[in-house]
Each structure stands twice: as structure tokens, then as C-alpha cells.
Amino acid sequence: MSDPGLESLYREVILDHYKNPRGHGVIEDADAEAEGQNPLCGDEVSIYVAFGDDGETIDDVKFSGRGCAISQAATSMLMEMAKGRTAEEVATLDKDELLDEIGVPLTPVRLKCAMLGLTTLKVALHKAKGTPLPEGLAGFDDLELT
Amino acid sequence: MSTLASRCEPRRYDESVAVKSPAKLDARTLRRDFPIFEQEIHGKPLAFLDSAASSQKPRQMLDAMNRFYETSYANVHRGVYELAERATEGLEHARERTRAFLNASTTREVIFVRNATEALNLVAYAWGLWNLEPGDLVVVTELEHHSNFVPWQFIAGKRGAELRMLPLDDQGELDLSGLDALAREGNVKVVATNLVSNSLGTINPVDRLVSWAHEQGAIFVCDAAQAAPHMKLDVQALGVDFLAISGHKMCGPSGVGALWGRAELLQRMEPFLTGGHMINSVRADKTTWGELPHKFEAGTAPMAEAVGLGAAIDYLEEAGLDAIEAHEHELAAYALGRLAEVPGITLYGPPADKRAGIVSFNLEGIHPHDVAQILDLQGVAIRAGHHCCQPLMQKLGVAATNRASFYLYTIPEEIDQLVDGLFAVRKVFA
């Protein structure tokens, strides 16, 4: 792979998360869940959250779905980041924290892929806990947040 | 020169292939008319394989628009001064070129709109909203672009009419076996399909569907956005009631398209958009509508764009629509053969002789977005996504596909570049 563009976007850690996604699966009777789609390219992701005894800390979080390497790898990374944090902390998580983890520059189109998991997780937490919706979705409470 | 209507009957189509020797198209020479190819992308020659989304533009068309702006520009149909007359002449000449291109009987039936989507919305609103009754059926297909699906779904819903979809068979062709059952089910008022699928390239049996629609007393609305760039159209031979085209897909500029409709239908319809230019007289208590086609052209027209569309039609006719179509069939056959060499590939859609220059495919385990992004770095532009055909993607059981599409300037080397790129994609994900 001699092409620098190729090497940076599809760097090893992204391909690793894509091929061996962390937290991939379904939580039956999840405390919070949501389904998100990227209408531009058809990426789909469903996120399931189980809270700990305090009802706030994310004890377990899993995702299922299909999509491009960027959307699936970013969601996989997010699973590792979200576990052990409270709903409030994740709801206010800065997207740059996830972008730093991804660690490659993204075009605007691919940014939507990368943010799909985080947006969906925030919607799940909003539905279960009333935490703030992610930027751009606030004010759209009436939307079908299935 | 056979028309599309005759080509849609499979048996005759095969026979015509056997006897016809279409004028050869020299893609390498034509390509030099397109300034976009004078550059490299990521240090590689540009292999532009996304013409089904929008085509590239020949210098002749760009020059015509420039000339119009530089020498003949003013608002049309109003002024009595020289420039206004030149501008009006330019617009109306473009209408005449569009009429001839579609073989319509009169320019009164040719309405300039922004694009095929607007043309189809015009019919859905100005005909559908006034003529659909609760319980009526509107029939579309699983192959429709959203532009010929969503307006009907929306207007049918508003009127309490019901939407039905003709299914696809495993070959990616329309399955017409359910037509009789549909006819028994209710009052079919509208049949709306495309001539050529933008997603699979399938050439649809429009002639058979037109007869069926008319037997039901329904109107037939044809989305020809994907057909017009690639094959000779004849609205009278096709027998359709409305037909929509988009300039940008056929070497013309963005921002202009055309709706053709039967004068007797257009005359009875209420307007779609109202305002300037489309009126006959305006009084405080009542406004009367202008004559065709102006009744459907509210506001200042896309004048320079229409001039560009006229020039694009000149360009296509000089190259020869039959030659373009034959060139694309050859490219599709070549591409299907070459792509089959790539391990893990799934090809969608009908065999080469039943499709226009469009090939949709997936690589096993690799999302189309990733495929398209890695190909971009090889200078190859393809489309990845649902191609505005989500019902079709659901049918195929995929979220998205890769789509390579060809046009008169496409050369086989671009397909080779695509195939080489796909091997590179597989290496990244190996």
C-alpha cells in the first residue's frame, strides 16, 4: 500500500476494529436502545445499553448493524469509550474525542459515517434518560427516534 | 433506426441486433470535447464512471451557454427590444430542439422545468391531486428512482389513493405476472415507471405497460431521465401520456429538464406553480391561465440552461443516439466480463443486451463506501450508495451497491482502471 491517502484512511487500527468489532451484538431487554441510519449511504447501526445498579453508569453497551468500515470501526471504538461512563457523560461527549481516536482526517461525507454510532447512542440515552440530544438533532424530539 | 418501443419486445430486439450495423462511435475523439478529462485526479488519469448520476459537459454546450449570456441575454417573452427578442428566440429554439428530440407533435407540449424530479412532481400535483379519488390505485415499480416514487406516494396518500409496486424478478427485470390481479383489485388511475433503471440499467417493457395502463383507463407517466441520454426516444411511438427528462444527465447543464405531456391532458389540468408569466389575465377576483406551455412555466425560465440543453441535444444527435446506445451495450458487456474476474464480486441486474450502460455490484464483505473511497485514490469515480432507490435496495437485500455507469465518452481503459482498482481494494481488506 504505497498510496499515502490510502494508508492513512484505512490505517491498521480502523481495519482492526472493522474486522474485529468490539461490543458487537445485541443486549436483550436493554435499558436503552436506538436505531440509526445514514441516509446518504445506507449505513445502519443499532445500539443497546444496560445500566449498572446506580441506573446511570453504562454497564454494558453493544451494537449491531452493517455499513462501511468507517461507520462500523468508529462505533466499535465508541463501545470501548462509553463503557463505564454515565449517561450524562456520554450525552455530552465531545465528538472530537471520538475523532481523535479515529485519528485520520475525514471528508464531510465520511464524517457522517463516523458520527453515526455516537449520534445513535446519544439518541438511545435521550429516550431512556432524557439527556440532551446530539447537535443537529436537538429540537427534533418529534422525529421518529426509533 | 428502430425506436425504443420496438426494442422493448425481446424477440424483435434480438432480431434487430442481428441485422443492424450501427454507426461506430469514436469515444476517444468525442472525449476530447470534454474539458474535465484534461486533468488528473490524485495523480492518476480520471476514470469517470458516474455518468448515470450526472454526465460531463462538452465544450460545445458550454460555449453555447456562454454565447447566450454574452450576446443575447435579457428576460424572455417581455421586452420588445432586440436583446429580449434574441433571448426569446434562444429559449424557443431550445424548445423546438427538445420537441424534435422527443418527436413530440408540437412545442406546446414541451414544458421546461428544473429537472425530471420537478417534471414528475408537476404531474403528481397538477394531475394526481385533482384526479385521484380515495381507493384508486397508483402503480409504480420496485425499480423506481425516488423521483418517480415519492411524489406518487405523497399525493396518493393525500388523496386516500393506494400505491402498488410492480416487483422485480431474480434477473432484475420487472415481473408483470401480477398485472391481471392488480386490475381486479381496484381502479388503476396512474402507472408510473422509468424507461431505464438508474440503478440496475434495466430497460423496462414500457410498451406493454402502456397498453395495460390504457386498458385500465389510467395515465402512463414515464421517467426517461436515464433513457434520454442513451437511446432514441419517440413519445408518439411509446404511447405514453407524460415523459420527463433531465438536462444534466444528457450533456446539458444542471437546472433544466423538460416535461412532455399530451396537449389534451395538459389543457385540462390546473397549474402546478403560479405567479408571473403563466397567466392570461389577473384581476382582483380572478386569474386566468396562459396558453400551453406557459401555463406550466411560472416565473423566469432557466433560459441559458435551456439553450444549453438545446446545444446538448445537437451534440448527442451529431454523435448519433443509436451509436451511443450501441457503444454503451458494448461497454456494459465488456465491464460485466472484466468485473467477473474480481473474486468475491456480486453483479446485479439483467444481462448486457437488456441493460443500458450501468453496472451495479458489491464486493463481499466490503462496504461500497469503502470501495468507492479507495477507488477514488486510483482516479476512479464511481457511485456508492442506494442511488435514490431504497425500495430496490431492500429488495436486493443490501444497504447499498457500487455503481459504474458509462457514456459516449467512456473508453474501455477506464473499465480496466476500475478492475485494477478493485483488486487494490481487496488487498486493503485482505
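## Chain A along the sequence

Chain A follows the pattern α-α-β-β-β-α-α-α-α when read along the sequence. This comes to six helices and three strands; helices (H or I, at least four residues) and strands (E, at least two) are DSSP runs, numbered from the N terminus. The model is predicted: local features need pLDDT of at least 70 and side-chain atom pairs count only at pLDDT 80 or more, while totals for chains, interfaces and linings use all residues. Residues are numbered from 1 along each chain as its sequence is written, and chains are lettered from A and ligands numbered from 1 in the order in which they are written.

Of the 146 residues in chain A, 42% are buried. A residue is buried if 20 or more other C-beta atoms lie within 10 Å of its own, exposed if 12 or fewer, and partly exposed in between, with C-beta atoms placed from the backbone. Among contacts in chain A between residues at least 6 apart in sequence, those joining residues at least 24 apart make up 63%. Two residues are in contact if their C-beta atoms, placed from the backbone, lie within 7 Å.

## Where chain A touches chain B

Chain A brings 16 residues to the contact and chain B brings 14 residues. On the side of chain A, helix H1 (4-9) and strand S2 (43-51) each supply at least two residues. H1(A) gives the most, with three residues.

By class, this side of chain A has nine nonpolar, three polar and four charged residues. Here Ala, Val, Leu, Ile, Met, Phe, Trp, Tyr, Cys and Pro count as nonpolar, Asp, Glu, Lys and Arg as charged, and the others, Gly among them, as polar.

## The seven-stranded sheet of chain B

Strands of a sheet pair through backbone hydrogen bonds, either parallel or antiparallel. Chain B has an open sheet of seven strands in the order S4-S10-S9-S8-S7-S5-S6, with mixed pairing. Strands S4 (110-113) and S6 (162-166) of chain B stand at the edges with a single partner strand each, so one side of each has no neighbour in the sheet. On average, neighbouring strands of this sheet are turned by 20° against each other, direction ignored.

Strand S8 (residues 219-223) and strand S9 (residues 242-246) of chain B pair in the parallel sense over three bridges; two strands pair if DSSP finds at least two bridges between them. Cys222(B) stands opposite Leu243(B) in S9(B). Helix H5 (residues 82-102) of chain B packs on the sheet and touches S4, S9 and strand S10 (257-261), its direction making about 115° with that of S4(B). Axes are lines fitted to C-alpha atoms, for helices over the stretch in contact, and angles run from 0 to 180 degrees between N-to-C directions.

## Strand S17 of chain B

Five of the five residues of strand S17 (residues 401-405) of chain B are buried, so this strand is largely enclosed by the rest of the structure. Thr401(B), Arg403(B) and Ser405(B) point one way, and Asn402(B) and Ala404(B) the other way.

S17(B) pairs in the antiparallel sense with strand S14 (residues 358-363) of chain B over four bridges, and Arg403(B) is the bridge partner of Ser360(B). Strand S16 (residues 383-385) of chain B also runs antiparallel to S17(B), joined by three bridges. Ala384(B) stands opposite Asn402(B) there.

## Backbone details in loops

The peptide bond from Leu292(B) to Pro293(B) is cis, with omega near 0°. Pro293(B) is in the loop between strand S12 (287-289) and helix H12 (303-319) of chain B.
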